[in-house]
Amino acid sequence: MANPIQPQPGGRFTGHGPEWRDSKLSAEDARTATAWVELKIDKRSMLTTKQHVEDVRDVMWQLEREGEIVVHRIHDDHAPVIAKTLYGWDKKVPTRRLWHHKSCGQCGNIPGYPASLLWLMNRLDIEYLDETDQTSCTAWNYHGSGIGNIESLAAVFLRNFHQAYVSARAQGLPDGYYYPLVHCGTSFGNYKEVRSYLLHSATLREKVHRILAKLGRLVDGKLLIPEEVVHYSEWVHMMRERIATLQEIDVSGVRATVHPACHVYKMVPQDAIYDDNILEGNRLAVSTGILQTLGAQVIDYSTWYDCCGFGFRHIISEREFTRSFAIDRKMRVVQDEAHADVMIGHDTGCITTLDKNQWIGKAAGKEVDVPVLADCQFAALACGAHPYKIVQSHWHASSTEKLMEKMGIDWQAKKAEFVAYLDEVKEGRQENLYDPRRMITSGPGYIPIARSA
């Protein structure tokens, strides 16, 4: 089979098949086309006018009744809160006893992202498990390269969620004690899509059943399917009033824009959370909800619907497209049109793309400088988290100092504290958000920890 990625004139490589062609629209026609799109997408009509949208959970309950699968339920002990999705359906969002499904991109590129989330949970005394027995979801490989396949995606999905289901055994607690909370928007969208494939395809279930049986990842000989796939931003949204009780910093002077992630609300859109009290119910509620609750000014902008530019395939094969899209269609707009102090997101790839591509804009003479943070990072800052120890703003390519100054944070003093803290770390006196002995829940490395009554 011929390699679909072939060198193009000029030595470039593309994974998109035929080379892109200029549409040759006049400036007036291009504006007309753009205006039509903006008119259609400003409401949620594009997502709600479909004649038939299935609630895949109906299929799930039927398969459980037929004895083919086991459903990992969200129980009262998980303190669920009911959210309304795009079509007004109920979605259970567990708020405690959570198993953190971490993000490879966050842990590798934006460590302040998960650290801020754990810090908030610690402050709110939320019980959780942050263990190491997890794999990447592998969705980037699938979307980015086309090498992956649906069987591997489904097997990884069920393997990770099975680990969440049995993870409490090491503590002598029952199966299902913890419920998975997915950090990455890519994993979130991928898992929801794969769950639908599994529930609709007996052939796929049979293939994946054989794989998981070899791994010892079945429950009573059956596949384990989660009742809900829950994203961390949904937890932040449902906990926003409680988070606000921790607030120490007035953010009413901050102009914040929101980038909603494609994998969070465009992929399996019927599962995304909307709230009639947030942007009149016309936009995704997560991230905007916590910003408004903390008192920040949420500023609209014309390209809010656009992808960040990451897109998986073109970040690999057409990187200059990603860079120009991120700068010209997103960051320049929020800087020049919205006069934003910060761009807030809720997905690993989006935060990375919008933040770390700003340096290339400067190199190309298209200077843009807008801080890019996740919603939980901004919330942690507002609640008094250390901007370097916890939020770890020094990992970001975009500058955050002006934002901190606007929030009344003495970043120079905080940076000096952090530098001094690094000397303590060198001496082996680091601080931990989480007891490192609890990170291993299986195998010979696990050290049991006495539970308090």
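In strand β8 (residues 179-182), Tyr-179 and Leu-181 point one way while Pro-180 and Val-182 point the other way, and all are buried, where buried means under 20% relative accessible area with a 1.4 Å probe, protein chains only. In a regular strand the side chains alternate between the two faces of the sheet. The model is predicted, so that local features need pLDDT of at least 70 and side-chain atom pairs count only at pLDDT 80 or more, while totals for chains, interfaces and linings use all residues. Residues are numbered from 1 along each chain as its sequence is written, and side-chain values use heavy atoms, with hydrogens and water left out.

Strand β6 (residues 98-101) pairs with β8 in the parallel sense over four bridges, pairing being counted when DSSP finds at least two bridges between two strands. Within this pair, His-101 stands opposite Val-182 in β8.

Helices α3 and α8 also pack against each other, at an angle of about 45° and with their axes 10 Å apart.

| Helix | Residues in contact |
|---|---|
| α3 | Val-56, Arg-57, Val-59, Met-60, Leu-63 |
| α8 | Arg-195, Ser-196, Leu-199, His-200 |

The residues of this contact divide into five nonpolar, two polar and two charged.

Across the chain there are 20 helices and 13 strands, taken as DSSP runs of at least four residues for helices (H or I) and at least two for strands (E), and 53% of the 453 residues count as buried.

Key. Axes fitted to C-alpha atoms, helices over the stretch in contact; angles between N-to-C directions. Contact = heavy atoms within 4.5 Å. Nonpolar A, V, L, I, M, F, W, Y, C, P; charged D, E, K, R; others polar. Buried < 20%, exposed > 50% of the residue type's maximum accessible area, 1.4 Å probe, protein only.
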